[in-house]
Amino acid sequence: QICAGGWTEILEAKMVNVKGIKGNLHLLMILGAWYVSNGTTILLNKYIFQAMQFQFPITLTFLHMTVQSGLAFITIIMVGLIEKTPIPTDVYFKRMIPISFFFCANILLGNVSLRYVPVSFMQTLKSLTPVFAAVLQYLCFGSRLSLQAAVSLVPATLGVALSAYTELSFNLVGFFAAILSCLFTGLKFVLSFALLRAQYNLDAINMLLYMAPPSVLMLLPSALWFERTGVMAWLKAPDRTEKDLGVLLFSAIVSFSLNATLFMVIKATSSVTATIAGNLKTLVVIIISIIIFKNPVQLWNYVGMTSALAGITWYGMIKNKWQTTGTSEISEGSQTDSEQSKREAAA
């Protein structure tokens, strides 16, 4: 019996270890898919604005939201690949509509910023998002980061900014659009996190099904009022081809993948962890651009990259990130907080 009990304990321990490995691999796959779709979306949108001369960020965002609404509807309602999660009407209007607004505003402002400034400048400014997310979690939930976690945000954020510093090109409109996008990104992270952790366990596609259609309605009046004439002139240009329209459609499909994987990241981690992972994505994009385009790199660029990687790794290794019990993670119980800390470390 002792031998049997010993073997049982060993097998159980191995099963727990296998589950942990699978969980980490699953999280890494989600982050990898998010990185690829995010990088492709950013670079493709910049190509649309710059090379194709489609300088209409409201219309581009409207197109993205329309395609995402259609793909989410097909996936859930028509094909039934994913079961629809019902939400009470009052909850939808009180909670989901506000999230839809910040979701839409974040994407729109990001596209406006891309329209006027280089990718490196926009991504540098977007590295301020973790600070916004931490402050918003404090204001919304009373969450307060531990001193160690708060300090770890400093090298992570400043490191990414420093690594892209040599590529900065200032434009006032693009600058303020990126700053406001940081604010709305933080609000979206915090509100999405609160809703996904609540009793309405929404998956990524259900979130798009509920949020994308209201976004379409929010964008339509502005697109018609501000950009209709320009878009019609662009479509009637003699050098316009079907390839250009195909690129626009493809960018919308990629954006569907981006938002789906983004909500998966939010659901698998905390809101601040998601934004820190976003900084790591930015760093990877910068490194790849240096390799491919042979960008001139100075010593301070390497210092910034090292600082960002160190800060992100440091944050991921911190088990107890919140020193107060006001945060929604901790209020669910110490075991949940421990499991979340492990997922953050794996990220």
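**Surface patch, nonpolar core and helix geometry**

In this predicted model, F73, I74, I77, M78, V79 and L81 make a nonpolar surface patch of about 600 Å². L81 lies in the loop that connects helix 2 (57-78) to helix 3 (89-116). The relative accessible area of L81 is 67%; L81 is therefore classed as exposed, the cut-off being over 50%.

The largest nonpolar core contains 35 residues, and I87 and M96 are the members that touch the most others. Two or more residues of this core come from each of helix 2, helix 3, helix 7 (172-196), helix 8 and helix 9 (242-268). The greatest contribution is that of helix 3, which supplies 12 residues.

Helix 8, one of the elements contributing to the core, spans residues 204-235 and is not straight along its length.

One salt bridge was found in a search of the whole structure. The pair consists of D244 and R240, with 3.0 Å between the closest N and O atoms. D244 has a relative accessible area of 12% and is therefore counted as buried, for which the limit is under 20%.

Definitions and conventions: Residues numbered from 1 in each chain as written. Predicted model: local features only at pLDDT ≥ 70, side-chain atom pairs only at ≥ 80, totals over all residues. Heavy atoms only, no water. Salt bridge = Lys/Arg side-chain N within 4 Å of Asp/Glu carboxyl O. Buried < 20%, exposed > 50% of the residue type's maximum accessible area, 1.4 Å probe, protein only. Helix = DSSP H or I, 4+ residues; strand = E, 2+ residues; numbered from the N terminus. Expected span 1.5 Å × (residues − 1). Bend = angle between axes of the 7 residues up to and from the residue. Patch = residues over 30% accessible without salt bridge, like charges linked within 9 Å, V, L, I, M, F, W, Y side chains within 5 Å. Areas by Shrake-Rupley, 256 points an atom, 1.4 Å probe, with all protein chains shown as cover. Core = buried A, V, L, I, M, F, W, Y, C linked by side-chain atoms within 4.5 Å.
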